[in-house]
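Here is a short report on selected local geometry in one chain. Please keep the sequence and the 3D view open while reading.

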Amino acid sequence: MKGNKKSKPAIDPNLSKVIKMHEKHGRKISVNESETKYSALLLDLVKPYQKLFPGLDELDWLLNLGLIAWNLANVKKEVPGAFLAMLQDVKKEMDTDKQSMAILDKLISDKEKKYPVLKMFLHDFTLDTTDDGQLFITVTAKPLEDFLKDNLAEEDDDDLFEETEGYINRNAFIVKPLQPFLDWLNQLGGPQLFPVEIEENTIYLIREMASNNDIEKWLKKNFETIFAKELEDWDEDENVWPKNRTYKMFCQWFSVEMHSMLYDLEQGPVEKDM
């Protein structure tokens, strides 16, 4: 009698379709077999929107949006009384990003239609790239009880951290003018005996984000506001501002230094001058 051989886990047919779709666009994907099902399903959920956002950073953004939508759809079914409040909190974090809000609503609806019986919550995902350009995706899923327990524990840790330390729930970036901006500045008042020098730079605070990569994504969508603020600080006449301002021009005119750890050494409240 021959010895039994261990067979490899069957590959989810849904995953095969997703992998073929990515390979068609020149991207290779392998999925952790222990998490094959939910990795495939998350990829399949965001697939209809990838043609609009084909880059790797966009895929990471879409997967994160898909994870949030998956969990909200499950909350809507399992804990309907909490759904609207959670959805509002998520959209509040998105601030004025209407595009993300619109896609989030569609993804929630898609999850409800395509996978109505799947109750597991998606806890996290990783999207890694190997040296040969291959994408490696892993998704971890948990039942509702464990998901809520972990998230409540994380919130408690954050509250304790904020109470005992002076960290601020904001990220920051410093905008430093480069030579094109200085050239524009020096020609504002006509020929100068001595060139104008900038001794201080503006620090901008934004909502707390997961990584510097997320800050950069925010900046790409909101650079015009920062550009205008920097120009306005020196001349309020928009007629003398450079025309057709783009993100590429912004990067040529300014360097940006990002910071995710802000510590307040003072005890008093922060006041805003509106």
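## Model and burial cut-off

A residue counts as buried when its relative accessible area is under 20%. The model is predicted.

Helix α8 covers residues 212–232, 21 residues in total. Its end C-alpha atoms are only 26 Å apart. A straight helix would reach 30 Å at 1.5 Å a residue. α8 also bends, by about 70 degrees, at Asn 222.

Which residues of α8 are buried? Asn 222, the site of the bend, is one of them.

Helix α4 runs over residues 80–93. Its 14 residues should span 20 Å at 1.5 Å a residue, and the end C-alpha atoms are 21 Å apart, which agrees. After α4 comes Asp 95, with a positive phi near 60 degrees.

## Two loop residues

Most residues other than glycine have a negative phi. Asn 244 has a positive one, near 50 degrees. Asn 244 sits in the loop between α8 and α9 (247–253). Is Asn 244 buried or exposed? Its relative accessibility is 70%, and exposed means over 50%, so Asn 244 counts as exposed.

Gln 50 belongs to the loop between α2 (36–46) and α3 (56–78). Its relative accessible area is 6%, so Gln 50 is buried. The C-alpha atoms of Gln 50 and Leu 62 are separated by 7.8 Å, with the two residues twelve apart along the chain.

Terms used:
Residues are numbered from 1 along each chain as its sequence is written. This is a predicted model: local features need pLDDT of at least 70, side-chain atom pairs count only at pLDDT 80 or more; totals for chains, interfaces and linings use all residues. Side-chain values use heavy atoms; hydrogens and water are left out. Helices (H or I, at least four residues) and strands (E, at least two) are DSSP runs, numbered from the N terminus. Buried means under 20% relative accessible area, exposed over 50%, partly exposed in between (1.4 Å probe, protein chains only). The expected span of a helix is 1.5 Å times one less than its number of residues. The bend at a residue is the angle between axes fitted to the seven residues ending there and the seven starting there.
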